[in-house]
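Please open the structure in your viewer and keep the selection tool ready. The tour below goes from one stop to the next, saying at each what to select and what can be found there.

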Amino acid sequence: MKFRTTFGIACVIAAVLLSGTASAQQVSPSHGLTYDAQTEGPVPIPPSERTLQTVVADPWFKVSDNGIVLEGAIFHSNGNMLFCDVSGRRVLRLTPDRQLSTVVTLDKLSPGGLAFHKDGRLFIAALDIPHAEGAVMAVNPDGSNLRTIIPPEAGYMPNDLVFDAKGGFYFTDFKGTATEPKGGVYYTAPDLSTIKPVLPHLAMANGVALSPDGKKLWATEFGRNLLHRIELADATTIAPIGSATAYHFTGPAPDSMRADADGNLYVAIYGQGRVLILNRNGIPIGQVLLPGRDQGHNLRSTSMAIRPGTNDLYIVTSDGSGGQGASIFHAKVFAKALQK
């Protein structure tokens, strides 16, 4: 008898809950479904991310009136901001007083990721997507002495890279599709003599970042909208139970990322005109939106950099054929840049 009573109460509670859920999803039959302020734009914020702390970035510098693709933003120790003109196969330099110039122009490959070696050289991850090839190159900050570190013959499509404290670097291999994950994350030893896989079988591995202590590796998977968190036992070994999918993005598509001094992770969302910020465990804590995104502008947000010694975030983006060119936007964020 007691069992029947308990069971009956449980059924009533379940019915009430289901009824409440159903009624919350229903609309008037006479009106049907309609767009509202949260859903009418081309890239609505996913429901799970609508309550995050949110700021809208300010326009900071117009790179071009044409919708060229920008990528790979970083800062040099002298205060210059460097980034890639993917469309023009150039690495660009923007001085603190906003004077724009070209560091180097590549012959065949398009630069996408930049990182400074501790010896001062600028390393460039570059690729040719139509021909499925790529390379890693190094050049002096003034554009002289360009040389190849990883040649196209090695078979990779390097998209982005990050150095560790020993002078070795991780790079992403932008190969594969959502159903044929042929890319991954690889590590090049400090003497540049060996390359070892760290996280294989990824679909268009894109962004890569290290935590402030260098013990945690992050990678975005562009083809499957995933963020991977890797605990490292050493430079190329995943610690026991140290591999996890920390986050699954909605819509298009995680691109480059940066870590700050607190270990927060900033992920540029390509195709959405925004940057999503996650804490050191991969839990979303904030976002930066670009102006015009609700009208379909500035959506090709690919990369960002935090100015050293500050919490000033600079986001590079393109409006494609939308008429607003290619620009850099600025916002204040949680913490200062990760010190090298």
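Predicted model: local features only at pLDDT ≥ 70, side-chain atom pairs only at ≥ 80, totals over all residues.

Residues are numbered from 1 along each chain as its sequence is written, and side-chain values use heavy atoms, with hydrogens and water left out.

**The nonpolar core**

Begin by selecting Val63, Met81, Phe83 and Ile328, which have the most contacts inside the largest nonpolar core, a set of 16 residues. A nonpolar core here is a set of buried Ala, Val, Leu, Ile, Met, Phe, Trp, Tyr and Cys residues joined through side-chain atoms within 4.5 Å, where buried means under 20% relative accessible area, exposed over 50% and partly exposed in between, with a 1.4 Å probe and protein chains only. Among the strands that each supply at least two residues of this core are E2 (58–64), E4 (81–85) and E25 (326–332); strands (E, at least two residues) are DSSP runs numbered from the N terminus.

Now centre the view on Val63 and, leaving aside its neighbours within four places in sequence, look for its contacts (heavy atoms within 4.5 Å), which include Ile68, Leu70, Phe83 and Ile328.

A polar atom of the Ser64 side chain lies 3.0 Å from the backbone nitrogen of Asn66, and, apart from neighbours within four places in sequence, Ser64 is in contact with Gly325 and Ala326.

Then select His330 in strand E25, a buried residue at 16% relative accessible area. Which side chain does the side chain of His330 meet in a polar contact? The partner is Asp312, at 2.7 Å; a polar contact is a pair of N or O atoms within 3.5 Å, of which, within protein, one must be able to donate a hydrogen and the other to accept it, and residues adjacent in sequence count only if both atoms are side-chain atoms.

**Thr172**

Go on to Thr172 in strand E12 (residues 169–173), which is buried with a relative accessible area of 0%. A polar atom of its side chain lies 2.6 Å from the backbone oxygen of Asn206.

**Two positive phi angles**

Select Ala132 in the loop between E8 and strand E9 (133–139): its phi is near 50 degrees, a positive value in a residue other than glycine, and at 47% relative accessibility Ala132 counts as partly exposed. Asn298, in the loop between strand E22 (284–289) and strand E23 (303–306), also is not a glycine and has a positive phi of about 60 degrees, but Asn298 is buried, with a relative accessible area of 3%.

**The second largest pocket**

Finish by selecting Val69, Glu71, Val86, Ile129 and Asn159, the closest to the centre of the second largest pocket among the 18 residues that line it.

How values were computed:
1 Å grid on protein atoms, 1.4 Å probe; cavity = no way out; pocket = protein on both sides within 12 Å on 5 of 7 lines; lining within 4 Å. Helix = DSSP H or I, 4+ residues; strand = E, 2+ residues; numbered from the N terminus.
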